[in-house]
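Please keep the model open beside you as you read.

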Amino acid sequence: MTPRTLLALGAAALAFAAGTVGSDVLAPGGAAPAAAAEDRSDVASSAQPLVRVTDRDLRRVDTVELDAESLVLRRGDATVADMSMRDARSTVTLLNRLLGTPSRTQTAAGDGGACFPSGTTYTWGGAVRVAALDTPSSVGNAVEIRVLRDSVRSRTGERVELTGPDGVQVGDDVADAIQAAPRSDKVSFGSGDSQAWQLLLESGWAPDDDAPSTGDPRAEHDGTTAGSAPTGDQGTDGSGGGADDDAQGTNGVSALTDDTQVTVLGSPMPVHARRSC
């Protein structure tokens, strides 16, 4: 493994330890397989109704897209299902039906990173990892999702593309996007020949109108109280908006890179978050 790859994976570990992004992409994969693909007994319950998709529609899915607040199943340009990251049951159930039986591990609080709740982590083909949290985070997400490859095989053997916003995939060179992004949307790890980046692809986690407000909707288990200054645009130097903004960062879906090549896509994954809890 090259020093660049080690730095990128180290960046992943740092990002996951910030706030509720704690799903540890470095965790060893040798989990025992689930007893059945449809087993949902240990999935965190959701207040939202289960997303329902017919078997026929699922067989037509050719792309899974990770967005800032949802996981979207697509067939070409058509949306087959849009699963909120506040709905762990639908996310795990539909991926089970689409991709087959995952590897599964139980985690205690803190196992996945600083302040990471207990839950169950599901991994399909070493390509998609979903941590279903026993207790939703302070911003409301019930899952943490990481994409580790550019595609995965469905349970019927068909190739399913895995992307982030605007079609960004693991393995893509995002040098132009890194160059164009304001400093508030990217973080550099290492220097010289060992450069690596975290690049915010799409911000998210606006407050839920139906949920009680707890102050800053992007606060990540940090004890922020109602009435705190909301996180605003940080400007090109990433420092605007005060110390609270620097601590909480901007949440959404991010890409981690080895030099300028994408190695991981993740959501929620805040950029410029400096508080561990």
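Predicted model: local features only at pLDDT ≥ 70, side-chain atom pairs only at ≥ 80, totals over all residues.

Residues are numbered from 1 along each chain as its sequence is written, and side-chain values use heavy atoms, without hydrogens and water.

Strands here are DSSP runs of E with at least two residues, numbered from the N terminus, and two of them pair if DSSP finds at least two bridges between them.

| Strands | Sense | Bridges |
|---|---|---|
| β1 (residues 63–66) and β9 (residues 159–163) | parallel | three bridges |
| β8 (residues 151–153) and β9 | antiparallel | three bridges |
| β10 (residues 186–189) and β11 (residues 196–203) | antiparallel | four bridges |

Look at E161 in β9: T63 has E161 as its bridge partner, and S151 stands opposite E161. The hairpin of β8 and β9 has five residues between the strands, and G157 there takes a positive phi near 95 degrees. In the hairpin of β10 and β11, six residues lie between the strands, and G190 in the turn has a positive phi of about 80 degrees. V187 has its bridge partner in β11, namely Q198.

Now to strand β2 (residues 70–75), where you will find R75.
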